[in-house]
Amino acid sequence: MSNRKTVVVGMSGGVDSSTAAYLLKEEGYNVIGVTMQIWQEENECQMQAEGGCCGISAVEDARRVAEVLDIPYYVMNFRDIFQEKVINYFTAEYLAGRTPNPCIACNRYVKWESLLKRSLEIGADFIATGHYARIRHLDNGRYAIANSVTAAKDQTYALYGLTQEQLSRTLMPIGDYSKPEVRKIAERAGLPVAHKHDSQEICFVPDGDYAAFIERDTGRKMPEGNFVTKDGRVLGRHRGITHYTIGQRRGLDLPMGERVFVTEIRPETNEVVIGTGSDVFTDTLKADHLTFMGIEDLPMGEEEHFLAKIRYNHRGTGCLVKRTGEDEITCTFDEPVRAVTPGQALVYYRDGYVAGGGIIGK
């Protein structure tokens, strides 16, 4: 009997996950390729150009790669869990006036929780993905997601919610390479997706029109409402709260004589609050739905200094994180940050690894 470890690689049909499968096979793992079928209609998820993670063409590309690598390949159906944990969450958050990050939910509940469970059931030892991140086993015994070698593609922010069990069973070989290096490896290996374009949008909203998607998904048209100042003065009419997010400037169509921005969304009164540039900056926020990764916990009342990100493309700002409730932290930044957005994740780092995170509240 072979003593080689078995790894199930989540293959999206893109160059990153395909190269991950190649690298792991080269390392001597018994590699199985799997594509997670999460969306029903190919015309709703235009995979040919974007290179995303669902749809018929993604399956076709992943199968072609598996043939080149001479590895077993399967398609697993995760439609129901994707609908429940990602799409329903996405829609509910927008209707509540928040701006969610569906990739974070997909990573934790679909790409890890569900895929790992299924993979262990078929006898695998690990799962692997093509994320630009690395896994570190820290001196305190905990596992943590750590920055990849390339800041340009770093994907640690969207992975902060993974559990210790999930991390202990995960391999991320792409984190040691830059994107150009990954493409060169894929080209040398003869992978047919070596020059496939990256996906830029949320896979189930390929045209980027979130409001239209929510109307189709819910079967209801969002009512118009008032643009107002912070003190309630009416400035004009908006198209429905799902069209807006904190910090937004474009598409407001308000003749104010100066640049104005969305500073708050009030679903209870169907109002979108408008302010000036200075109004979108703050130096404090609260977050809940806490998870801890590189640190085990932050005891009540204690505070520590970290580098924190408030969105995927945020470069990070120093902050003091204090435990202020059973499921609450208060973050005080060293300098004001722009457009703190309820529903997005706060992810805080130490020495290049994820220490913990939570969801930004009101």
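Residues are classed as buried below a cut-off, that is, under 20% relative accessible area, as exposed over 50%, and as partly exposed in between (1.4 Å probe, protein chains only). The structure is a predicted model, in which local features need pLDDT of at least 70 and side-chain atom pairs count only at pLDDT 80 or more, while totals for chains, interfaces and linings use all residues. Residues are numbered from 1 along each chain as its sequence is written, and side-chain values use heavy atoms, with hydrogens and water left out.

Secondary-structure elements are DSSP runs numbered from the N terminus (helices: H or I, at least four residues; strands: E, at least two). In helix 8 (residues 210-218), the residues Ala211, Phe213 and Ile214 are buried. These residues cover an arc of only 160° around the axis, which places them on the same side of helix 8; the arc is taken from the directions from the helix axis to the C-beta atoms. An α-helix has 3.6 residues a turn, so residues three or four places apart point the same way. The buried residues of helix 8 pack against helix 4 (79-95), where contact denotes heavy atoms within 4.5 Å.

An open sheet is formed by 5 strands in the order 3-2-1-4-7, with parallel pairing; two strands pair if DSSP finds at least two bridges between them. Strand 3 (73-77) and strand 7 (170-171) are the edge strands, each pairing on one side only. Strand 1 (residues 6-10) and strand 4 (residues 126-128) run parallel and are joined by 3 bridges; Val7 has Phe126 as its bridge partner in strand 4. Helix 1 (residues 15-26) lies across strand 1, strand 2 (30-37), strand 4 and strand 7, and runs at about 165° to strand 1. Helix 5 (residues 102-121) lies across strand 1, strand 2, strand 3, strand 4 and strand 7, at about 140° to strand 4. Axes are lines fitted to C-alpha atoms, for helices over the stretch in contact, and angles run from 0 to 180 degrees between N-to-C directions.

A search of the whole structure finds 11 aromatic pairs. Rings of Phe, Tyr and Trp (its six-membered ring) pair if their centres lie within 6.5 Å; planes under 30 degrees apart count as stacked, over 60 as edge-to-face and the rest as tilted. Phe227 and Tyr244 form an edge-to-face pair, at 5.5 Å centre to centre and 75° between the planes. Phe227 lies in strand 8 (residues 225-228) and Tyr244 in the loop between strand 9 (234-238) and strand 10 (261-266), so the pair ties together parts that are 17 residues apart in sequence. Phe227 is buried at a relative accessible area of 1%, and Tyr244 is buried at 3%. Phe306 and Tyr348 form a tilted pair, at 4.7 Å centre to centre and 50° between the planes. Because Phe306 belongs to strand 13 (residues 303-309) and Tyr348 to strand 16 (residues 345-350), this pair ties together parts 42 residues apart in sequence. Phe306 is buried, with a relative accessible area of 3%, as is Tyr348, at 0%. Ring pairs also link Phe82, Phe90, Tyr94, Phe204, Tyr210 and Phe213 into a cluster.

Ile329, in strand 15 (residues 328-338), is buried at 0% relative accessibility. Residues up to four places away in sequence aside, Ile329 touches residues including Leu285, Leu290, Val321, Leu346 and Tyr348.
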